[in-house]
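Trainee: Please take me through this model by setting each value against its definition, and say what follows from the comparison.

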Amino acid sequence: MTKIVSENNDTSRSQLDPTLSEVTNGDYKYGFTTDIETDILPPSLNEDVVRFISAKKGEPEWLLDFRLKAFRYWKTLTMPRWAHLDIPEIDYQAISYWAAPKKKEGPKSLDEVDPELLDTFNRLGIPLQEQKALAGMAVDAVMDSVSVKTTHREKLAEMGIIFCSISEAVKDYPDLVKRYLGSVVSYRDNFFAALNSAVFSDGSFVYIPKGVRCPMELSTYFRINASGTGQFERTLIVADDDAYVSYLEGCTAPMRDENQLHAAIVEIIVEDRAEVKYSTVQNWYAGDAQGRGGVYNFVTKRGLCRGDNCKLSWTQVETGSAITWKYPSCVLAGDNSVGEFYSVAVTRGRQQADTGTKMIHIGRNTRSTIVSKGISAGHSQNSYRGLVKVAAKADGVRNYTQCDSLLLGPDCGAHTFPYIDVQNDSAVVEHEATTSKISEDQLFYCNQRGIPTEEAVGLIVNGYAKEVMNKLPMEFAVEAQKLLQISLEGSVG
Amino acid sequence: MKEKLLEVVNLHAGIEGKEILKGINLTVGPGEVHAIMGPNGSGKSTLSEVLAGNPAFSVTEGSARLAGVELLDLSPEDRSHEGLFLSFQYPVEIPGVSMVNFMRAAVNAKRKYLGEEPLGASDFLKLMRQKRAVVELDNKLASRSVNEGFSGGEKKRNEIFQMAMLEPRLSILDETDSGLDIDALRIVAGGVNKLRTDRNATIVITHYQRLLDYIKPDFVHVLYKGRIVRTGGPELALELEEKGYDWIKEEIDNNAGEAAK
């Protein structure tokens with residue numbers, strides 16, 4: 001089953017500016033904290049906390065009920081242990097479930113946003129200021145638990161596009177939220193989904209009406225700032241018939257000695273002939289070389305291709321987090337619908353990642369593509385876990401899975417756990433896997449041409465990951481390339 | 001005194017404890033072409049790898065100065081920046097890394113070393129266009145991955161293209177003629193000749209006279225058992241072509257035998 005194949009040579013982005021050489025510093029560059037007054041709830045988790053969050057946000061009764069049901073269900077569960085991860089015991093009572101940057105009222109314009117906060121996002125390279133955002137990106141920034149500012153709202157609203165924080169959506173579009181919230185990821189889905197459903201604080205909401213192509217990239221930046229807090233955001237994206245949207249998610253966190261919990265849910269609904277592209281560059285703090293600190297990233301992401309002839313594409317570049325547990329999935333219910341998953345997961349130091357996807361083929365002639373590129377260095381453990389499931393009535397299904405591992409150094413591990421469950425004989429399911437190393441000959445060749453080893457590793461790794469990087473929107477791709485380079489500095493040599 | 005570009009003195013080197021180079025002395029002046037010939041296993045490729053700084057080999061004695069700078073103290077990339085170029089016998093493939101990104105990293109690393117600003121994208125692409133013409137490579141080159149899916153001839157042309165881009169002081173061509181048909185050989189040799197100036201120099205390592213019909217050497221050296229045992233003009237290559245290496249081997253081995261007695 002396993003064979004060594006040389007990589008597909010995709011050249012469409014060959015003119016891309018190789019900014020790799022500009023990067024010289026291997027430290028986690030987003031490890032600053034912001035000195036902002038924060039409203040923070042004392043650590044503990046009980047029904048009162050759930051009620052407090054709901055009350056703080058002025059939520060309607062149905063949403064409080066949803067939270068309470070989720071919380072009561074969560075109490076019956078134990079943390080999943082099936083992943084190839086060594087997860088320390090987590091004391092859920094020791095976490096604060098509400099941390100919000102202090103403010104009087106919601107900011108009406110950027111002038112009212114705390115300048116410290118704006119500075120934070122500026123340092124992260126997030127174009128919060130409208131003039132900078134004119135380049136074509138609408139941004140929703142979530143700091144700790146609360147959405148800080150959504151840009152470009154008016155312009156989008158003219159087209160009927162809704163892009164706002166989920167708290168605002170609950171107030172302004174309760175029917176839409178009520179219809180879709182929990183419809184793809186039920187609170188009963190898993191331990192972390194139940195937890196998130198009980199205590200989620202904020203997140204982004206997107207609705208693209210029938211026949212509208214969203215003219216700009218929609219983007220959310222998540223940042224954990226307050227110490228000892230968890231972040232539980234929730235993203236809900238609905239693309240109605242014939243709609244199109246490309247959505248970007250970026251994540252950073254400051255360096256902290258203790259671990260921080262991040263348990264998010266992303267739900268996507270794709271109707272007839274609609275298309276959603278969801279791209280993630282995840283760079284949460286990964287902990288130090290000894291494995292102290294870092295973010296636990298336990299995320300449930302799933303899209304439902306409900307309509308016929310629709311498409312959902314996940315692209316992720318995962319370089320951060322101490323532990324990653326994450327399987328962005330596609331439920332291909334509509335006939336002829338298409339699911340894609342493109343992933344680069346980098347682990348180094350003591351990082352652990354167990355990530356992959358689920359492609360659930362229910363509709364006829366549904367197609368899915370999975371391209372997973374794992375890169376392991378240091379003492380890290382990197383696992384791909386994927387499920388391709390074909391239901392009995394799903395005729396004419398096709399799946400192609402390519403699963404590659406690149407090892408840097410002798411102490412890391414790469415693992416592959418592909419699950420294939422086919423109930424229909426007409427399905428064609430392909431799985432290819434490779435494992436490779438960067439050779440001494442390749443490094444010497446680069447050195448001889450004047451390229452230092454660290455930069456050579458960056459080039460080679462970016463080449464290896466190119467198929468996935470090419471799927472990212474342009475402005476993200478450059479950032480992601482730099483990130484790959486930085487995250488592997490010091491891994492070879 | 002005659003100017004020296006490369007001066008190798010009593011160079012000893014080997015791999016995994018086995019000595020391969022046993023005291024190489026070689027001086028190359030600017031504008032010169034030197035051919036190094038010799039039977040298999042005599043140390044020709046080792047000499048080129050050692051000069052370029054391949055970490056698989058260890059140097060036990062001697063020195064190698066390029067334009068007065070001791071190469072043996074430098075990392076492989078700094079040797080490159082100082083103007084040493086090695087055209088590999090077997091150029092390695094680097095999947096997914098486009099030639100344009102690879103060369104841009106190489107050119108800008110050198111510029112950085114020399115304290116120059118990096119080359120902008122359009123200037124760089126212009127330079128690439130000019131230089132690929134030297135070895136008749138087409139415009140697909142920029143987007144192709146380094147050596148991946150290249151034919152034998154294309155790989156060697158790609159080596160000379162990189163040489164053109166980096167404008168080295170000293171180029172070592174390691175068996176550049178191996179695996180080339182006559183047309184590819186003509187293109188590669190033509191490229192090398194176009195790049196010759198009175199300031200740079202070339203060392204051609206080859207088994208055969210054939211390449212030397214196209215790249216005319218000023219000096220021909222015979223390497224045998226880790227030493228340069230003969231040096232002559234172009235006529236030495238012709239003599240070797242005609243008579244093979246056995247007569248030299250016998251002479252050397254007999255002398256060594258005599259000396260041992």
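Trainee: What makes strand 11 and strand 12 of chain B a hairpin?

Mentor: Two residues separate the two strands, and B:Lys225 in that turn has a positive phi of about 50°. The elements themselves are DSSP runs numbered from the N terminus, with at least two residues in state E for a strand and at least four in state H or I for a helix.

Trainee: What should I know about the origin of the model and its numbering?

Mentor: This is a predicted model, in which local features need pLDDT of at least 70 and side-chain atom pairs count only at pLDDT 80 or more, while totals for chains, interfaces and linings use all residues. Residues are numbered from 1 along each chain as its sequence is written, and chains are lettered from A and ligands numbered from 1 in the order of writing.

Trainee: Why is strand 11 of chain B called largely enclosed?

Mentor: A residue is buried if 20 or more other C-beta atoms lie within 10 Å of its own, exposed if 12 or fewer do, and partly exposed in between, with C-beta atoms placed from the backbone. Six of the six residues of strand 11 (residues 219-224) of chain B are buried, so the rest of the structure largely encloses it. In a regular strand the side chains alternate between the two faces of the sheet. Both faces of strand 11 of chain B are covered, with B:Phe219, B:His221 and B:Leu223 buried on one side and B:Val220, B:Val222 and B:Tyr224 on the other. Strand 11 of chain B also pairs with strand 3 (residues 33-37) of chain B, in the parallel sense over four bridges, and there B:Ala35 stands opposite B:Val220.

Trainee: How do you know whether B:Asn139 and A:Asp242 are buried, partly exposed or exposed?

Mentor: B:Asn139 has 10 other C-beta atoms within 10 Å and is therefore exposed, and its place is in the loop between helix 4 (121-134) and strand 8 (145-146) of chain B. A:Asp242, with 19 C-beta neighbours inside 10 Å, counts as partly exposed. A:Asp242 lies in the loop between strand 9 (234-239) and strand 10 (244-252) of chain A, and its phi is near 60°, a positive value in a residue other than glycine.

Trainee: How do you know that chain B is as compact as a globular protein of its length?

Mentor: The secondary structure of chain B comes to nine helices and twelve strands. Its radius of gyration, taken over C-alpha atoms, is 19 Å, close to the 18 Å that the globule rule (2.2 Å times the number of residues to the power 0.38) gives for 261 residues, so the description holds. Of those 261 residues, 46% count as buried.

Trainee: What makes residues of chain A and chain B count as being in contact, and how many do so?

Mentor: Two residues are in contact if their C-beta atoms, placed from the backbone, lie within 7 Å. By that criterion, 25 residues of chain A are in contact with 31 residues of chain B. The largest share of the side of chain A that touches chain B, six residues, comes from helix 9 of chain A.

Definitions and conventions
Pairing = 2+ DSSP bridges.
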